[in-house]
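This report describes selected features of one protein structure. Please look at the sequence and the model below before reading on.

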Amino acid sequence: MPATVLVGTQWGDEGKGRFTDLLAKEMDLVVRYQGGHNAGHTIVVEGQSFALQLVPSGVLYPHTVPVIGNGVVVDPAVLLDECAMLERRGVDTSRLVVSGNAHLIMPYHYELDLMTERFLGHNKLGTTKRGIGPAYSDKAARVGLRVQDLLDGKIFRQKLDVVLREKNALLSRVYNRLPLDGDEIAERYLEELAPRIAPMIGDTVGLIHAALGRGERIMLEGAQATYLDVDHGTYPFVTSSNPVAGGACVGSGIGPRDIDRVIGVVKAYVTRVGSGPFPTEVDRETADRLVDRGREYGTNTGRRRRPGWLDLVMLRHAVRLNSLSDIAVTKLDVLSEFERLKVCVAYEGPDGERYEHMPYHQSILHRVRPVYEEVAGWGEDLASVTRVDQLPKAARAYVELIAEQAGVPVSFVGVGPGREQYVTFAA
Ligand code: GDP
């Protein structure tokens with residue numbers, strides 16, 4: 001059976017975790033294909049909230065094999081801590097398989113992340129400072145260390161010594177920091193972490209293709225989102241990998257023809273964290289209401305997110321970039337707060353021109369004004385809605401507007417954070 005990709009269509013925090021979790025129930029393999037521990041899925045199971053950073057959501061089901069694909073960057077200490085946290089809470093992590101080709105996040109990546117941000121000053125990107133960007137830079141520069149290097153101390157040490165010479169020169173001579181000690185890093189990674197990570201390392205490409213061959217069900221789970229994609233997002237305020245559906249092929253080792261469903265997760269409004277253009281950003285009072293009701297604070301960082309009205313221009317473009325087959329809407333319940341809602345149907349450019357799709361030039365994106373359509377709110381709590389016919393008429397119309405404007409059907413709608421708080425729409 002071909003694979004399903006689940007991808008965020010905005011700037012992240014769409015609530016992907018709960019739908020990955022929902023779909024994971026029916027999957028044999030759940031694969032993370034990019035990003036690192038800068039992601040943060042929150043899954044609420046029977047009142048218990050699990051914040052997953054690196055481990056794929058499938059871990060919560062005993063029949064699912066969670067896989068960390070080659071496209072991910074891994075800090076082994078963080079991975080082990082996350083597994084220990086899950087084990088303490090009764091979740092078995094022994095099925096987890098980590099690609100030997102995934103790249104390692106090293107101590108100097110953290111230092112460089114911090115320093116680069118500091119040197120960028122006002123232009124800083126607002127990274128999570130977890131070494132993710134520098135680890136991906138080293139991967140592209142071909143000086144990265146990979147998970148498989150943990151299995152061969154000699155190679156690990158050789159590569160480390162070569163790369164550390166350059167990193168230490170940079171740290172001490174450019175950034176005025178203390179150089180890092182190669183012996184200390186090697187001891188920590190090879191003696192402390194490697195023996196515990198080794199049992200998890202495997203041939204994930206082989207595993208995925210064997211599963212495809214057996215007709216098993218595979219889900220490829222994206223972290224971050226379409227507009228944080230390093231190629232298609234609002235550069236430079238993006239992540240350093242490719243969350244778009246195409247990235248799922250690269251980051252897991254399958255070809256496009258092995259994918260037959262791409263689900264885009266659409267929050268009923270939009271949020272973004274940190275800097276960058278945001279056409280539908282709302283005023284402070286509306287923002288406070290959305291942030292309060294939607295609990296729009298970062299899972300890992302606690303940072304307040306910037307909220308805005310639903311942007312259908314972005315959504316139409318996300319449909320193209322990911323070849324979405326269907327949509328899962330989240331957090332519809334948060335909009336119960338408002339009597340009237342605004343939805344952005346187009347942008348008006350600086351010279352009055354109308355954009356139905358994202359302008360390719362970002363200076364235009366910075367200057368567009370959203371063209372809003374006002375629609376009626378429903379003003380009713382949706383927490384206990386479990387069927388489409390229980391949705392208030394205006395809420396249903398809102399969902400139908402999304403499907404119509406996107407040109408693809410909506411399959412699920414989230415009406416609360418709980419595992420069961422969602423409605424299925426017939427295709
Ligand atoms: P991700 O970054 O896209 O993976 O976002 P998360 O999965 O971490 O979700 C962000 C937050 O939204 C979490 O606290 C979820 O519990 C919450 N959430 C997800 N779906 C819904 C929903 O339909 N309604 C409400 N109120 N909260 C939701």
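This is a predicted model: local features need pLDDT of at least 70, side-chain atom pairs count only at pLDDT 80 or more; totals for chains, interfaces and linings use all residues.

## The ligand and its surroundings

A polar contact is a pair of N or O atoms within 3.5 Å. How many residues surround the ligand? There are 17 of them, and the closest are G15, K16, H41, K331 and D333.

A polar backbone atom of G15 lies 2.9 Å from an oxygen atom of the ligand. For G17, the corresponding distance between a polar backbone atom and a ligand oxygen is 3.0 Å. E14 also contributes, with a backbone N or O atom 3.1 Å from an oxygen atom of the ligand.

## Helices α2 and α6

Two packed helices are described by the angle between their axes and the distance between the axes. Helix α2 comprises residues 76-88 and helix α6 comprises residues 182-197; their axes come within 10 Å and cross at roughly 40°. Because of this angle, α2 and α6 are oblique to each other.

The crossing of α2 and α6 is left-handed. On the α2 side the contact involves P76, A77, L79 and L80, which meet R188, Y189, L193, R196 and I197 of α6. Sorted by class, this contact of α2 with α6 contains 7 nonpolar residues, 2 charged residues and no polar ones.

## Helices α5 and α6

Helix α6 also packs against helix α5, which covers residues 153-174. The axes of α5 and α6 come within 10 Å, and the crossing angle is roughly 145°. Is the crossing of α5 and α6 left-handed or right-handed? The crossing of these two helices is right-handed.

In α5, the residues G153, F156, R157, L160 and L164 meet G182, D183, I185, A186, Y189 and L190 in α6. The contact of α5 with α6 divides into 7 nonpolar, 2 polar and 2 charged residues.

## Helices α10 and α12

Helix α10 spans residues 312-322 and helix α12 spans residues 393-406. Their axes lie 9 Å apart, and the helices pack at an angle of about 50°. That angle makes α10 oblique to α12.

The crossing of α10 and α12 is right-handed. L312, L315, R316 and V319 from α10 meet I402, Q405 and A406 from α12. By class, the residues of the contact of α10 with α12 comprise 5 nonpolar, 1 polar and 1 charged.

## Backbone features in two loops

Most residues other than glycine have a negative phi, and most peptide bonds are trans. Where is D13 found? D13 is in the loop between β1 (3-8) and α1 (16-24). Although D13 is not a glycine, its phi is positive, at about 60°.

Y235 and P236 are joined by a cis peptide bond, with omega of about 5°. P236 belongs to the loop between β10 (218-221) and α8 (245-252).

Methods:
Residues are numbered from 1 along each chain as its sequence is written. Side-chain values use heavy atoms; hydrogens and water are left out. Axes are lines fitted to C-alpha atoms, for helices over the stretch in contact, and angles run from 0 to 180 degrees between N-to-C directions. Helices (H or I, at least four residues) and strands (E, at least two) are DSSP runs, numbered from the N terminus. Angles under 35 degrees count as roughly parallel, over 145 as roughly antiparallel, 65 to 115 as roughly perpendicular and the rest as oblique. A crossing is left-handed if the near helix is turned anticlockwise from the far one by less than a right angle, and right-handed if clockwise. Contact means heavy atoms within 4.5 Å. Ala, Val, Leu, Ile, Met, Phe, Trp, Tyr, Cys and Pro count as nonpolar, Asp, Glu, Lys and Arg as charged, and the others, Gly among them, as polar. A residue is near a molecule or strand if one of its heavy atoms lies within 4 Å of it. A polar contact is a pair of N or O atoms within 3.5 Å; within protein, one must be able to donate a hydrogen and the other to accept it, and residues adjacent in sequence count only if both atoms are side-chain atoms.
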